[in-house]
Amino acid sequence: MLLQSIITALTVFGSILVQAIPALQLRQSAPPKSPPDFAIQQTLNISTGNPSKCAAGIRYFLQPIDHATYDGTVGDGSTFYQQFEVIDKYFKPRGLILFFQSTENANMVCLEQLAGPAWAAGLGALVVVLEHRYFGISCPYRLNYTEMATWPVPLLKPLTLDNVLLDSVTFYPGQPTMEDSRVYLVQGAGHTADIIMEDPADSDGLKEARGAYLETMKA
Ligand SMILES: *[C@@H]1O[C@H](CO)[C@@H](O)[C@H](O)[C@H]1NC(C)=O
Ligand SMILES: *[C@@H]1O[C@H](CO)[C@@H](O)[C@H](O)[C@H]1NC(C)=O
């Protein structure tokens, strides 16, 4: 019964996204640039200290700070460490990937506290949560979240919806058998309306980011 209702929920959610796509007038554009593979691998090996105490353990993904201007270099001015957690024990090759965009929290909410693992057990899915940029320990420019009230305003410039969406597009949790998997999105950060609703005032950057995001999250 649970599995059946999950599948129904996913099907409904998936069809909402699919229906939204034609309305978005997808623009053809190059995929956003990622840091070199070796640097990504090295970053996956760095300990995050696991402040949320997530049972499956957590890692960092090396993420460009500003996707639109990213030039492929690695360092404090161009990349930052973005925390994530993966539960792969239920995953069957070519199975679904349930992707959770984390909410805007001081501490990332672990997958163990979300519905994802229960769904994954029934679906043979991989389940992933990615911390929201500029929250918790996923802060660019070595900014300390506890001191956010004193952050220099110019450093907040890359905190845009475009960049949040493209974080999900470039993110790769390092699972070798997931290439053929379909991704289902669970937007925890309250950006669902921003993604589905188009506004004439949207910048070209946002339109492109939205298109790339929906293309990645295709059901
Ligand atoms: C990451 O850590 C593993 C295990 O310690 C090691 O084999 C691998 O070489 C490391 N990769 C990089 C890029 O540092
Ligand atoms: C962040 O700031 C708080 C409050 O100033 C401090 O206690 C903490 O040690 C800082 N964390 C890091 C990693 O520097």
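**Strand β4 and its surroundings**

In the predicted model, Gln-101 stands opposite Leu-130 of strand β4. Strands are DSSP E runs of at least two residues, and helices are H or I runs of at least four, numbered from the N terminus. From β3, the chain passes through helix α3 (residues 116–123) to β4 in a right-handed β-α-β crossover. Right-handed denotes a clockwise path from the first strand over the helix to the second, with the strands pointing away from the viewer.

Strand β3 (residues 97–101) pairs with β4 in the parallel sense, over five bridges. Pairing requires at least two DSSP bridges between two strands. Strand β2 (residues 79–87) runs antiparallel to β4 and is joined to it by four bridges. Here Val-86 has Val-128 as its bridge partner.

Five of the five residues of β4 are buried, so the strand is largely enclosed by the rest of the structure. Buried means that 20 or more other C-beta atoms, placed from the backbone, lie within 10 Å of the residue's own. Leu-126, Val-128 and Leu-130 point one way; Val-127 and Val-129 point the other way.

His-132 lies in the loop between β4 (126–130) and α4 (161–170). His-132 counts as buried because it has 22 C-beta neighbours inside 10 Å. Its C-alpha is 5.5 Å from that of Ser-102, 30 residues away in sequence.

Residues are numbered from 1 along each chain as its sequence is written, while chains are lettered from A and ligands numbered from 1 in written order. In this predicted model, local features need pLDDT of at least 70 and side-chain atom pairs count only at pLDDT 80 or more, whereas totals for chains, interfaces and linings use all residues. The pLDDT is the predictor's confidence in each residue, from 0 to 100.

Terms used
Buried ≥ 20, exposed ≤ 12 C-beta atoms within 10 Å, placed from the backbone.
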